[in-house]
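Please read the following note with the structure open beside it.

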Amino acid sequence: MNYHQYYPIDVVNGPGTRCTLFVSGCLHQCRGCYNKSTWPLDSGHPFTSEMEDKIIADLNDTRIPRRGLSLSGGDPLHPQNVSAVLQLVQRVKQECVGKDIWLWTGYCLHELDEQQRQLIDYVDVLVDGKFEQSLADPSLDWRGSSNQVIHRFKL
């Protein structure tokens, strides 16, 4: 898996102060997407074990209390991203007490395959659905268009 950007301190992508990872690779390629540079799977930087360790360390750093991890992109549920993202979310739940996980995907919940659903078992909030430019609404919390659904599983 590759990633485009990692923000160790983020107050935009989910509630509270968070760590946010933007992964590479998106099959949806929504018209009006503001993150087109993340579409190619091979764009950005390789996601290494060192980067995974950094995210875990940042989430556990008590100098800046973080509420959790946000995963966006690209698409964290792109078939070629699922295994690396699954490993990351499993570690977060095992090693980072009290941290929530938010994930944005262009897939709808009912479209997910078995491997993607396994990953979702570790997610607290899923924002699903393709961005629809004709339904764009900047007043919406945590989503870009009104067709996208916020699923709160564990909050």
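The points below go from the basis of the model to its sheet, core, pocket and selected residues.

1. Basis of the model. This is a predicted model, in which local features need pLDDT of at least 70 and side-chain atom pairs count only at pLDDT 80 or more, while totals for chains, interfaces and linings use all residues. Residues are numbered from 1 along each chain as its sequence is written, and side-chain values use heavy atoms, with hydrogens and water left out.

2. The sheet. Seven strands make up an open sheet with mixed pairing, in the order β3-β1-β2-β4-β5-β6-β7. Helices (H or I, at least four residues) and strands (E, at least two) are DSSP runs numbered from the N terminus, and two strands pair if DSSP finds at least two bridges between them. At the edges stand β3 and β7 (149–152), each of which pairs on one side only. Strand β6 (residues 125–128) runs antiparallel to β7 and is joined to it by four bridges. Within this pair, Val125 has Arg152 of β7 as its bridge partner.

3. The nonpolar core. A nonpolar core is a set of buried Ala, Val, Leu, Ile, Met, Phe, Trp, Tyr and Cys residues joined through side-chain atoms within 4.5 Å. The largest such core has 28 residues, of which Leu21, Ile55, Leu71 and Leu119 touch the most other members. At least two residues of this core come from each of β1 (2–10), β2, α1 (49–60), β4 (68–73), α2 (82–95), β5 (100–104) and α3 (114–120). Helix α2 contributes the most, with six residues. Contact means heavy atoms within 4.5 Å; not counting residues up to four places away in sequence, Ile55 touches Tyr6, Leu21, Phe47, Leu69 and Leu88.

4. Cys19. Cys19 and Asp58 are 39 residues apart along the chain, yet their C-alpha atoms are separated by 7.4 Å.

5. The largest pocket. The space in this pocket is about 570 Å³. On a 1 Å grid over the protein atoms alone, a pocket is an open set of points where a 1.4 Å probe fits, with protein on both sides within 12 Å along at least five of seven lines; lining residues have an atom within 4 Å of a point. Of the 27 lining residues, Tyr34, Ser72, Trp104, Phe131 and Gln148 are the closest to the centre of the pocket. The lining divides into 10 nonpolar, 14 polar and three charged residues.

6. The loop between β2 and β3. Asn35 lies in the loop between β2 (18–23) and β3 (45–46). Asn35 is buried, since its relative accessible area is 14%. Beyond residues up to four places away in sequence, Asn35 touches Phe22 and Gly73. Gln29 is in the loop between β2 and β3 as well, and is partly exposed at 43% relative accessible area.

7. Positive phi values. Most residues other than glycine have a negative phi. Gln29 has a positive phi, near 45°. Trp142, in the loop between β6 and β7, has a positive phi of about 65° although it is not a glycine. Trp142 counts as partly exposed, at 27% relative accessibility.

How values were computed. Grid points are joined across faces, edges and corners, and a volume is the space filled by probe spheres set on the points. Ala, Val, Leu, Ile, Met, Phe, Trp, Tyr, Cys and Pro count as nonpolar, Asp, Glu, Lys and Arg as charged, and the others, Gly among them, as polar. Buried means under 20% relative accessible area, exposed over 50%, partly exposed in between (1.4 Å probe, protein chains only).
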